[in-house]
Protein chains: 4
Amino acid sequence: MEGFRFIHRQPIVLRDIDGFGHVNNAVYLTYIENARVAYLAKVFEARAIAEIRNIMASITVNFRAPAAYGEIAEVGVRVDRIGTRSFTLAHEIWNGGDRLLADATSVQVMYDYERAATIDFPQDWLALVERFEGVKRHPDGSLLPSG
Amino acid sequence: MEGFRFIHRQPIVLRDIDGFGHVNNAVYLTYIENARVAYLAKVFEARAIAEIRNIMASITVNFRAPAAYGEIAEVGVRVDRIGTRSFTLAHEIWNGGDRLLADATSVQVMYDYERAATIDFPQDWLALVERFEGVKRHPDGSLLPSG
Amino acid sequence: MEGFRFIHRQPIVLRDIDGFGHVNNAVYLTYIENARVAYLAKVFEARAIAEIRNIMASITVNFRAPAAYGEIAEVGVRVDRIGTRSFTLAHEIWNGGDRLLADATSVQVMYDYERAATIDFPQDWLALVERFEGVKRHPDGSLLPSG
Amino acid sequence: MEGFRFIHRQPIVLRDIDGFGHVNNAVYLTYIENARVAYLAKVFEARAIAEIRNIMASITVNFRAPAAYGEIAEVGVRVDRIGTRSFTLAHEIWNGGDRLLADATSVQVMYDYERAATIDFPQDWLALVERFEGVKRHPDGSLLPSG
């Protein structure tokens, strides 16, 4: 998979399959959730999920090919944009081989559960993303190669 | 369905079906959970799930026939036994017609989440069960017709 | 809910809730799937799911507010556009009251499973949609009020 | 985990957790299903799930302790008994450490999907189980150490 430094491997199990014999559409969101949480834990060094103060505001998924039982879904995750109070993730899901199953884009909003209010994207998280992805944030929020 | 005064109707949806074209075994536990919660809410007059202080200690499920998409699972629930700190539920799941899909027995333990300790089955709950089911609790915990 | 002639009611059950105490994001796709199938069955008069020859190509979901256990998700569905070989559905999910939980747009592609090939949107289905929604299809695929 | 030659590791993900903050009861059946399929694939050398001709007839699960997000469920599987047309599996689920989460016993019936009829437990499968588990089948169906 090109363009992703972080890839989460997700075995496709029987319960993920629906009556049409393929991975059910809703299950893709669970694959993406698992990959996102693993990404945030690794890149943002958040040890507990409670520390990852963000909520998904929107997601677009393009279903490219059906996935079958026994395949390993490989889910790429990277940060594509960092706004003042939100960030955008890009995702691709491959079948463990050369078949693209889906790609997706999601927007997460930084959120303080205790105060029940949106908060700014933390400056120290920005440095962690830039280092992990090898990018530099531009004033418009886009992330471009730093090299 | 004979022997049940409480029946919970549960439409079988696409996500419940697995790759073999039938309702997945694990989904039966969700049907039973939904029916149990509805039973407790009705019979014990518990308005919030937080008030229903019990946890499932064990369950036995006998799978009798496969269930298909589009059928309505009808889940019967009744209390079969009330111990000092636990109670036993009997369940049957029919397909909305004359086909028995599964039957099950589960044991719930009364539990105080705040104190993290088991507690006695409340006396006022006993009266509610006896009235709803038309039974009388015997010293050994069994419930027999009160008439 | 304004703007929808078809609304599917979906009780929110315990299994839909995640560790944050709200309906999990992935579950929204299941709610939308259930509503879509019910819509297609009603409007296109497809009796068996096998007759509904279409597959989801993409979906965008905007999460507007969290949903809690015990609420009834009301899912509105309507056809917004009919292309040569695809159609677009609009969805809104409300909490049974005045809180919008999510809105979504999905694109479905007409597909012949046996021939494994895309097919044209059937002319007789077009008439069924126009009648049910009270709209008229324009050459660009958009559906506008017919009155 | 003592007494199991086969252990299936299953990461506990966010979607497995319910509103009480623990792994939902129904999810245990999915963990057991995943472990059972992996066991059958390994011990019976069944390459495709279609070759594993058996259906679950019943299961008993004892819930011993709650499981939390981030733990790794370790699911032990072994054959405990082989009847003429069925076999019994024993399961234990640990939290990746020293906490037993659940134990379970399930009965599977050998089944020929094409003929829609029960069939005898294959003699060559018996040899495979005896070799893997280091046991010998007795006339009553029980499996005892062969050494």
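Which residue of strand 2 of chain D does B:Val61 stand opposite? In this predicted model, the residue that faces B:Val61 is D:Ile59, which belongs to strand 2 of chain D.

**Where chains B and D meet**

B:Val61 and D:Ile59 face each other where strand 2 of chain B, covering residues 54-63, pairs with strand 2 of chain D in the antiparallel sense, over 5 bridges. The contact between these two chains draws 13 residues from chain D and 13 residues from chain B. On the side of chain D that touches chain B, helix 1 (25-43) and strand 2 (54-63) of chain D each supply at least two residues, and the largest share, 8 residues, comes from strand 2 of chain D. Sorted by class, this side of chain D has 7 nonpolar, 5 polar and 1 charged residues.

How are the two chains placed relative to one another? In general, two copies of a chain are related by a rotation about an axis and a shift along it. Here a rotation of 180 degrees, with 0.0 Å of shift along its axis, superposes chain D on chain B with an RMSD of 0.0 Å, and that is the relation of a two-fold axis. Within chain D, the C-alpha nearest the axis is that of D:Thr60, which lies 2.0 Å from it. The same surface serves both copies, since 100% of the contact residues of chain D recur in chain B.

**The strands of chain D**

D:Ile59 also has a partner inside its own chain: its bridge partner in strand 5 of chain D is D:Ser106. D:Ser106 in turn stands opposite D:Leu89. The table gathers the strand pairs of chain D that involve strand 5.

| Strand pair in chain D | Sense | Bridges | Residues standing opposite |
|---|---|---|---|
| Strand 4 (residues 86-94) and strand 5 | antiparallel | 9 bridges | D:Leu89 and D:Ser106 |
| Strand 5 and strand 6 (residues 117-118) | antiparallel | 2 bridges | D:Asp112 and D:Ala117 |

Two of these pairs are hairpins. Strand 4 and strand 5 of chain D form a hairpin with 5 residues between them, and D:Gly96 in the turn has a positive phi of about 90 degrees. Strand 5 and strand 6 of chain D form a hairpin with 4 residues between them, and in that turn D:Ala116 has a positive phi of about 55 degrees.

**Ala116 in chains A and C**

In chain A, A:Ala116 has a phi near 55 degrees, a positive value in a residue other than glycine. A:Ala116 is found in the loop between strand 5 (100-112) and strand 6 (117-118) of chain A, and it counts as exposed because it has 7 C-beta neighbours inside 10 Å, where the limit for an exposed residue is 12 or fewer. For C:Ala116, phi is likewise near 55 degrees and positive, and the residue lies in the loop between strand 5 and strand 6 of chain C. C:Ala116 is exposed too, with 7 C-beta neighbours inside 10 Å.

**Chain A as a whole**

The secondary structure of chain A comes to 2 helices and 8 strands, and along the sequence these follow the pattern β-α-β-β-β-β-β-α-β-β. Along the principal axes, the C-alpha atoms of chain A fill a box of roughly 45 × 40 × 25 Å. A compact globule of 147 residues would have a radius of gyration near 15 Å, and the 16 Å of chain A agrees with this. Of the 147 residues in chain A, 36% are buried. Among the contacts in chain A with a separation of 6 or more, 64% are between residues 24 or more positions apart.

A:Lys136 is found in strand 7 (residues 135-137) of chain A, and it is exposed, with 12 other C-beta atoms within 10 Å. Leaving aside residues up to four places away in sequence, A:Lys136 touches A:Glu130, A:Leu144 and A:Ser146. A:Lys136 and A:Met56 are 80 residues apart in sequence, and their C-alpha atoms are 24 Å apart in space.

Chain A also touches chain D, in a contact that takes 9 residues from chain A and 9 residues from chain D. On the side of chain A that touches chain D, the residues divide into 5 nonpolar, 2 polar and 2 charged.

Terms used: Residues are numbered from 1 along each chain as its sequence is written. Chains are lettered from A and ligands numbered from 1 in the order in which they are written. This is a predicted model: local features need pLDDT of at least 70, side-chain atom pairs count only at pLDDT 80 or more; totals for chains, interfaces and linings use all residues. Copies are superposed by least squares on the C-alpha atoms of residues with pLDDT of at least 70 in both. Two residues are in contact if their C-beta atoms, placed from the backbone, lie within 7 Å. Ala, Val, Leu, Ile, Met, Phe, Trp, Tyr, Cys and Pro count as nonpolar, Asp, Glu, Lys and Arg as charged, and the others, Gly among them, as polar. Two strands pair if DSSP finds at least two bridges between them. A residue is buried if 20 or more other C-beta atoms lie within 10 Å of its own, exposed if 12 or fewer, and partly exposed in between; C-beta atoms are placed from the backbone. The radius of gyration is taken over C-alpha atoms; the globule rule is 2.2 Å times the number of residues to the power 0.38.
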